Amino acid sequence: NALTNAGTLSPGGRGTVQTTAFTGNYVQQAGGRFVADLDLRNDVSDRLDLAGSASLDGTLQLGFVNGGWAQPGSRQAGVFSGTGSVGNAGLALVAPQSAIAAFTLVSPTPNTMALAYTIDYVPGGLNANQARVAAYVNAIQQAGGTADCAPYADRLLSMPDVASLGTAYDQLSPASLVATAATAVRADQRFSDALHSCRVREGEFRFVGEGECSWVR
């Protein structure tokens, strides 16, 4: 009374998270693939509830649903549970690479297997400005997120490394606007200085000497 999977099993299909009641044993071979979606807003994933046991090899391929609502912190979401044992016979997790999220497979009990994951919008390696922007995003998500912020958080989740994440935070930072304003201020200051005095261009002290100018409007 076993279902042996050497292909692809995807409960609910891509983008749909559901729990499936399963009577019998589930055996996934080395060439088998279990495709699971993880809902990061509700912290649940596709799940098989077995009236039997499971022997798991091959891969578990992970996808995200509601990635823009991911809250910082560490959580678990069950993927397999059984009335019998749920054994890892070499199952490998294939998850999207993310600078702010880390995933692993754990077995809280002999009868269960779960996804353990940690979300942190402020990973190490950011510069001071990037870390301040990241902390602000972290606070928004910690408070439950918003519909306006969700598309940005979802995009941040897809950044594969800290360098690309830092570049994304740079684009959210007002630093570039401040730099433009500061450049304009300095240009105004230089022009104002030029109106009030004239540098002497000749002689031994040409870099420090001041002459006289006449201005007419």
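Contact here means heavy atoms within 4.5 Å.

1. **Basis.** This is a predicted model, in which local features need pLDDT of at least 70, side-chain atom pairs count only at pLDDT 80 or more, and totals for chains, interfaces and linings use all residues. Residues are numbered from 1 along each chain as its sequence is written, and side-chain values use heavy atoms, with hydrogens and water left out.

2. **Phe80.** Leaving out residues up to four places away in sequence, Phe80 touches Tyr26, Phe34, Leu48, Leu56, Leu60, Val86, Asn111, Thr112 and Met113. Phe80 is also among the residues with the most contacts inside the largest nonpolar core.

3. **The core.** A nonpolar core is a set of buried Ala, Val, Leu, Ile, Met, Phe, Trp, Tyr and Cys residues joined through side-chain atoms within 4.5 Å. Buried means under 20% relative accessible area, exposed over 50%, and partly exposed in between (1.4 Å probe, protein chains only). Strand β14 (residues 112-119) gives the largest share of this core, four residues. Strands (E, at least two residues) are DSSP runs, numbered from the N terminus.

4. **The sheet.** Four strands form an open sheet in the order β1-β4-β8-β11, with parallel pairing. β1 and β11 (86-88) are at the edges; each has a single partner strand, so one side of each lacks a neighbour in the sheet. On average, neighbouring strands of this sheet are turned by 15° against each other, direction ignored. Those axes are lines fitted to C-alpha atoms, and angles run from 0 to 180 degrees between N-to-C directions. Two strands pair if DSSP finds at least two bridges between them. β1 and β4 (residues 25-28) run parallel and are joined by four bridges.

5. **Asn5.** Which strand holds Asn5? Asn5 lies in β1 (residues 2-5), and its bridge partner in β4 is Gln28. Asn5 counts as buried because its relative accessibility is 8%. The Asn5 side chain reaches the backbone oxygen of Arg33 at 3.4 Å. Beyond four places in sequence, Asn5 touches Tyr26, Val27, Gln28, Gln29, Gly32 and Arg33.

6. **Pro72.** Is Pro72 buried or exposed? Pro72 sits in the loop between β9 (59-65) and β10 (73-82), yet counts as buried, at 8% relative accessibility. Its C-alpha atom is separated by 7.1 Å from that of Thr118, 46 residues apart along the chain. Neighbours within four places aside, Pro72 contacts Ile119, Tyr121, Asn138, Gln141 and Gln142.

Conventions. Polar contact = N/O pair within 3.5 Å; in protein donor to acceptor, adjacent residues only side chain to side chain.
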